[in-house]
Amino acid sequence: MNLNYKGYFSIVLMAVADSNYKFTYVDIGAYGKDCDSSVFQRTIFFELMTSNQLKIPAPCPIDSTSNIHFPFVLVADEAFGLSEHLMRPYAGHNLTEKKRVFNYRLSRARRYVECAFGILANKWRILHRALNVSKKFSKDIVKACVILHNLVRTKDSQIYDIDVYETRTLQDLPRALCNRSSRTANDLRDRFADYFVSTEGSLPWQLKKI
């Protein structure tokens, strides 16, 4: 999500959201001119993910009827690099039916984070305009909006844990290169694609949506 700052440039809100439209991690402060993949690779979240310190649950059966174990993964759009912990769509236009089904199913899952951003911006309308304040104060405003968003989503029942980190000084960091997909990550994406077109994992309407 790009947020305008004083009308001169924009800062990025990079976030992870769950299926309840709550933010579980945000990183605020990267410049909007940088590509999403580069911004992501400069976050603490990326460091924890690549060093296996995120405490991701162990692989388990994807449903009660299957004995095949799948790992837990994040879903993202085509701007991000494919990895064992992050699934992105298949690229290209002339895709097989299986790959188009996978892209549709991944897009359905990604709607949660897209809707979370929409709910955040529409609830806290200060995010609809340029923030005519200092950069530090603008980041504090966005952090406050994110935390209030989570509180509203839980209906004030309890404070939802959220990790809020500021991006390090980007001028001092080399531009990150997009990760090349590993063979393991490609195989894992193919496994998900196979499951989504199988008898156990398919949806009755999915072929009408691709």
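Guide: An axis here is a line fitted to C-alpha atoms, for a helix over the stretch in contact, and angles run from 0 to 180 degrees between N-to-C directions. Helices (H or I, at least four residues) and strands (E, at least two) are DSSP runs numbered from the N terminus. This is a predicted model, in which local features need pLDDT of at least 70 and side-chain atom pairs count only at pLDDT 80 or more, while totals for chains, interfaces and linings use all residues. Residues are numbered from 1 along each chain as its sequence is written, and side-chain values use heavy atoms, with hydrogens and water left out.

Visitor: How many helices and strands does the protein have?

Guide: There are six helices and eight strands, in the order β-β-β-α-α-β-β-β-β-α-α-β-α-α along the sequence.

Visitor: What makes α3 and α4 roughly perpendicular?

Guide: The axes of α3 (residues 97-123) and α4 (residues 135-153) come within 10 Å and cross at roughly 105°. Angles of 65 to 115 degrees count as roughly perpendicular, under 35 as roughly parallel, over 145 as roughly antiparallel and the rest as oblique. The pair is therefore called roughly perpendicular.

Visitor: Which residues make the contact of α3 with α4?

Guide: Contact means heavy atoms within 4.5 Å. Ala-116, Ile-119 and Leu-120 of α3 meet Cys-145, Val-146, His-149 and Arg-153 of α4. By class, these are five nonpolar, one polar and one charged residues; Ala, Val, Leu, Ile, Met, Phe, Trp, Tyr, Cys and Pro count as nonpolar, Asp, Glu, Lys and Arg as charged, and the others, Gly among them, as polar.

Visitor: Is His-149 counted as buried or exposed?

Guide: Buried means under 20% relative accessible area, exposed over 50%, and partly exposed in between, with a 1.4 Å probe and protein chains only. His-149 has 3% relative accessibility, so His-149 counts as buried. Beyond its neighbours within four places in sequence, His-149 is in contact with Tyr-21, Lys-22, Phe-23, Ala-116, Ile-119, Leu-120 and Trp-124.

Visitor: Which residues touch the most other members of the largest nonpolar core?

Guide: A nonpolar core is a set of buried Ala, Val, Leu, Ile, Met, Phe, Trp, Tyr and Cys residues joined through side-chain atoms within 4.5 Å. In the largest, of 16 residues, they are Leu-13, Phe-23, Val-26, Phe-117, Leu-120, Val-142 and Val-146. Two or more residues each come from β2 (9-17), β3 (23-31), α3 and α4. A second, separate core of 14 residues includes Tyr-90, Leu-106, Phe-192 and Tyr-195.

Visitor: Why are α3 and α5 called roughly perpendicular?

Guide: Their axes come within 9 Å and cross at roughly 95°, so the two helices are roughly perpendicular to each other. Among the residues in contact are Phe-102 and Arg-105 of α3 and Arg-189 and Phe-192 of α5. This contact has five nonpolar, no polar and four charged residues.

Visitor: What span does α5 reach from its first C-alpha to its last?

Guide: The expected span is 1.5 Å times one less than the number of residues. With 14 residues, α5 reaches 20 Å, close to the 20 Å expected. Its buried residues pack against β5 (69-70), β7 (86-87), α3 and α6 (206-209).

Visitor: What phi does Asn-52 have?

Guide: Asn-52 has a positive phi of about 55° although it is not a glycine. Most residues other than glycine have a negative phi. Asn-52 lies in the loop between α2 (44-50) and β4 (60-61) and, with a relative accessible area of 61%, is exposed.
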